[in-house]
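Here are my notebook entries from a browse through this structure.

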Amino acid sequence: MTGTAFGPQGPNYSTARPPADPKASAGTDTWFKNCSAAGAKDGTFATADFFNVFIGNLRYLVRQAGVTLDDATDTMVYQAVLSMIQANMGGGGGGTPTVGTVPYGNPTLYVRTDGNDATADGSANTSAKAFATIQAALNYAQNIWSLGGKILNIQLGNPGTYVGFVTVVAPMTGVNIVGDPANQSAYVIQAPPTLTGYSALVYAGGAALNLRGLTVYTTRTDMQLIQAAYTGTISMSNVTAQFGATSPNYHINGVSGGSVNINGNVNIQGNSASALSAQVGGSVSVQTSCTVTLVGTPAFSVGTICAGAVGSVYLVGGFSGTATGPAYYGYQSGAFLTGGKTIPGSTAGVLASGATFS
């Protein structure tokens, strides 16, 4: 419903604003006071003049920002403020101004394959409001908000392929990227065909990232699919990690102090160096009752799992499916803690330079 926003909706209203009370602009700050006792009637009366000032100012703010008055939403003033911040500071979706306000609660931004990075604010799951790329939503959130201690939720709003790298770094503290946990194959994050210089398609460094209900896919062979580094953490459930061409890299990689926590079922598809890799003090953990499913007998040139340079792979949950290549490869004090679980592979695992398997 439109037309009554911020105004009276019952009987006895006016369609023309009455003249303002000149006392309202006397230049002295005045305040409401309560009645001295129940029934005393000596408190401050709220007049039509008082309410009309508020209504007039709110409507002017919203209209000047180009936001449509609509009684069905509670976000008009919020949208107006963001719109004017962007207009006055040169921003658009994914722009560069740093505002640094603290959002109320843990904010949600929407991304759609038919969204618009140039004009979106992510406030609704519509093509006009949603971003087109996940990274634009991340950039926008960092430019607008101070997110320390907050969780940013990014909801993929429609099935399809979302082209672009995803990089989550400090000072962000936590990001959830969600497609549809019941239909992970329909929500695909895919690497751009030409943009270079990225170590991983999905990367977390010094920040926490949670992936749910999506597929991470590339036909390129110059990057890891999913990587956590430099105290970054990635948690994942109902996720498919898929190489579309044989890659010398890793499906899932915890490196340089980064950690990956598989806390729901994950599919591994396509050939690579390893399905799970933990190196240079990094770690990968498969939690209780979670299964890593190998789809279509992938080939792993290094080993289905790899741990080296004090990296660690922990298997509380286990594997399903078959693979070709070594079951595991450990080097330089890498550690496998498997609880006796079987690791898929067509040849025996290899331990070198102080690596351990238990």
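**Entry: ground rules.** I count two strands as paired if DSSP finds at least two bridges between them. Helices (H or I, at least four residues) and strands (E, at least two) are DSSP runs, which I number from the N terminus. The model is predicted, so to speak of local features I need pLDDT of at least 70, and side-chain atom pairs count only at pLDDT 80 or more, while totals for chains, interfaces and linings use all residues. Residues are numbered from 1 along each chain as its sequence is written, and side-chain values use heavy atoms, with hydrogens and water left out.

**Entry: strand E4.** I started with the partner of E4: 4 bridges join E4 to strand E7 (residues 200–205), and the two run parallel. Within that pairing, I found valine 168 opposite alanine 204 of E7. Next I looked up which way the side chains of E4 (residues 166–169) point, and they alternate. By buried I mean under 20% relative accessible area, by exposed over 50%, and by partly exposed in between (1.4 Å probe, protein chains only).

Entry: I then followed the chain into the loop between E4 and strand E5 (174–178), where proline 171 is found. The peptide bond joining alanine 170 and proline 171 is cis, with omega about 10°.

**Entry: positive phi.** Which residues other than glycine have a positive phi? Valine 280 is one of them, at about 50°, and alanine 309 is another, with phi near 50°. Valine 280 lies in the loop between strand E14 (274–279) and strand E15 (283–286), and I noted a relative accessible area of 46%, so this valine is partly exposed. Alanine 309 is in the loop between strand E17 (305–308) and strand E18 (312–315).

**Entry: the whole chain.** I read off 3 helices and 23 strands in the protein. Of its 358 residues, 45% count as buried. Taking contact as heavy atoms within 4.5 Å, I looked at contacts between residues at least 6 apart in sequence, and 66% of them join residues at least 24 apart.

**Entry: the core.** How many residues does the largest nonpolar core have? I get 68, and those with the most contacts inside it are Ile177, Leu211, Ile226 and Ile252. Helix H3 (residues 134–144) gives the largest share of this core, 7 residues. For me a nonpolar core is a set of buried Ala, Val, Leu, Ile, Met, Phe, Trp, Tyr and Cys residues joined through side-chain atoms within 4.5 Å.

**Entry: threonine 218.** I found threonine 218 in strand E8 (residues 208–218). Threonine 218 has a relative accessible area of 1%, so it is buried. Beyond residues up to four places away in sequence, threonine 218 touches several others, among them Leu201, Leu225 and Phe243.

**Entry: salt bridges.** I used a side-chain nitrogen of Lys or Arg within 4 Å of a carboxyl oxygen of Asp or Glu, and the structure holds 2 such salt bridges. One joins arginine 112 and aspartate 114 at 2.8 Å, N to O. Arginine 112 is buried at 15% relative accessibility, and aspartate 114 is partly exposed at 38%. In the other, aspartate 222 meets arginine 220, with the closest N and O atoms 2.8 Å apart. Here arginine 220 is buried at 11%, and aspartate 222 is partly exposed at 43%.

**Entry: rings.** I pair rings of Phe, Tyr and Trp (its six-membered ring) if their centres lie within 6.5 Å; planes under 30 degrees apart count as stacked, over 60 as edge-to-face and the rest as tilted. The count comes to 7 aromatic pairs. Tyrosine 329 and tyrosine 331 have centres 5.8 Å apart and planes at 25°, so I filed the pair as stacked. Phenylalanine 336 and phenylalanine 357 are tilted, at 5.9 Å centre to centre and 45° between the planes. This pair links strand E21 (residues 335–337) with strand E23 (residues 356–357), its two members being 21 residues apart. Last, I noted that ring pairs link Phe131, Tyr140 and Trp145 into a cluster.
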